[in-house]
Amino acid sequence: MQYLLDGRPRPWRIAVPALALLLVLAVACGSAAPAAVAQPAAASQDVAIHPGKVVIMVGGWGGRFSLAHATNCHNYDVNFHGYMIRTDENRAFVPGIATDWKVSEDGKTWTVTVRDDALFHDGQKVTTEDVTFTWLQSWGPGSLEVSTSSSALNMARNTEKIEQTAPNQVSITHIQPDAAFPTFISDGSGGCQGMVLPRSMWDGGGPEKIFDAALMEAYDRNPIGAGPLKLVRQVPEELMAFERFADYYDEERSLKISGMDLRKVPEEATRAAALRAGEADIAPVSLETKAQVEAGAAG
């Protein structure tokens with residue numbers, strides 16, 4: 001459930017109950033959740049980019065830039081990372097990093113075709129090797145010893161092998177058929193299993209370094225994704241500043257705003273005051289506080 005506040009110049013002023021935070025962040029940042037927030041314009045090749053940015057205040061952001069075998073995965077991950085499969089406004093699958101996905105006759109092997117026009121935020125091309133690397137880190141040998149995600153653990157236990165089967169294809173073979181695999185690697189899953197990591201950040205370490213803690217921490221300090229938002233500034237425990245990634249491969253689902261500031265503000269009263277003052281566009285608040293914010297805005 002979402003609540004719009006009127007009387008302010010920006011079109012996306014919102015206060016939400018805490019349980020609706022994930023949906024609201026997804027809507028505000030242009031992901032696959034049903035769009036209920038006013039957008040500057042419909043998607044098209046000639047639409048101007050709104051010069052403003054969305055300011056979101058949250059109580060905390062947990063694990064920050066989670067890797068695919070970690071527990072925490074947040075909505076800034078959904079928009080920061082490129083996902084194998086995306087979902088449209090009707091929750092139907094549409095191509096993401098994967099342009100096609102198919103299953104073998106026995107239902108055990110899924111093969112995805114990797115698009116050739118996706119870029120990471122540093123300008124490097126997203127390759128089949130990146131997808132293979134990410135899947136090996138998520139569910140390959142050794143992942144059972146480091147995973148903190150129950151969904152990643154279950155997938156790893158059911159994984160027989162992961163291999164690059166063609167220059168533009170990657171396959172995963174399961175021990176038992178898994179019809180839900182496309183959902184699992186989509187941005188509609190609510191998880192981070194479908195994101196693609198840049199293998200280059202682990203280059204030089206060799207396969208034995210795929211779960212190296214120091215390399216994971218280095219990635220968290222300077223993450224690179226392939227989604228519609230790229231990180232441009234971090235202030236630890238205070239701010240993550242994102243801007244629109246102009247070279248995102250999917251123009252229709254690219255953002256039509258200049259960027260987003262995600263601010264960590266633990267106190268609900270401070271978040272509510274920021275909403276009333278027009279210093280924040282989105283924040284999680286209780287239903288009681290929501291009513292107070294709306295009353296203040298109306299007044």
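This is a predicted model: local features need pLDDT of at least 70, side-chain atom pairs count only at pLDDT 80 or more; totals for chains, interfaces and linings use all residues.
Biologist: Zoom in on S10 and S11 for me. Do they pair in the parallel or antiparallel sense?

Modeller: Antiparallel, over 6 bridges, with S11 covering residues 239-244. Val235 stands opposite Leu239 in S11.

Biologist: What's going on in the loop between S10 and S11?

Modeller: Glu237 is found there. Glu237 isn't a glycine, yet its phi is positive, about 65°. With a relative accessibility of 45%, Glu237 counts as partly exposed.

Biologist: Which other residue has a positive phi although it is not a glycine?

Modeller: Arg91, at about 70°. Arg91 is in the loop between strand S4 (85-87) and strand S5 (93-95), and at 42% relative accessibility it counts as partly exposed.

Biologist: Switching to rings. How many aromatic pairs are there?

Modeller: The count comes to 8. One of them is Trp135 with Phe181, which is edge-to-face: 5.5 Å centre to centre, with 90° between the planes.

Biologist: Where do those two sit in the chain?

Modeller: In distant parts of it: Trp135 is in helix H3 (residues 128-139) and Phe181 is in helix H6 (residues 181-184), 46 residues apart.

Biologist: Buried or exposed?

Modeller: Trp135 and Phe181 are both buried.

Biologist: What about Trp139 and Phe184, and why is that pair called tilted?

Modeller: Their ring centres are 5.9 Å apart. The planes sit at 40°, which is neither under 30 degrees for stacked nor over 60 for edge-to-face, so the pair is tilted. This pair also links H3, through Trp139, with H6, through Phe184, and the two residues are 45 apart in the chain.

Biologist: How accessible is Trp139?

Modeller: Trp139 is at 2% relative accessibility, so it counts as buried. Phe184 is buried too, with a relative accessible area of 16%.

Biologist: Which residues do ring pairs link into a cluster?

Modeller: Trp110, Trp135, Trp139, Phe181 and Phe184.

Biologist: OK, the largest nonpolar core. Which residues touch the most other members?

Modeller: Out of 28 residues, those are Met84, Ile97, Val131, Trp135, Trp139, Phe181 and Ile185.

Biologist: And which elements give two or more residues to this core?

Modeller: Strand S7 (109-114), H3, helix H5 (150-157), strand S9 (169-174) and H6.

Biologist: Pick Val131. What is it in contact with, leaving aside neighbours within four places in sequence?

Modeller: Met84, Ile97, Val114, Val170 and Val196. There's also a second, separate core of 24 residues, with Trp61, Phe133, Leu197 and Phe242 among them.

Biologist: Last one: where is the place of Ser286?

Modeller: In the loop between helix H8 (268-277) and helix H9 (287-298). Ser286 has a relative accessible area of 29%, so it is partly exposed.

Biologist: How far apart are Ser286 and Glu268?

Modeller: In sequence, 18 residues; in space, 8.3 Å from C-alpha to C-alpha.

Definitions and conventions: Residues are numbered from 1 along each chain as its sequence is written. Side-chain values use heavy atoms; hydrogens and water are left out. Two strands pair if DSSP finds at least two bridges between them. Helices (H or I, at least four residues) and strands (E, at least two) are DSSP runs, numbered from the N terminus. Rings of Phe, Tyr and Trp (its six-membered ring) pair if their centres lie within 6.5 Å; planes under 30 degrees apart count as stacked, over 60 as edge-to-face and the rest as tilted. Buried means under 20% relative accessible area, exposed over 50%, partly exposed in between (1.4 Å probe, protein chains only). A nonpolar core is a set of buried Ala, Val, Leu, Ile, Met, Phe, Trp, Tyr and Cys residues joined through side-chain atoms within 4.5 Å. Contact means heavy atoms within 4.5 Å.
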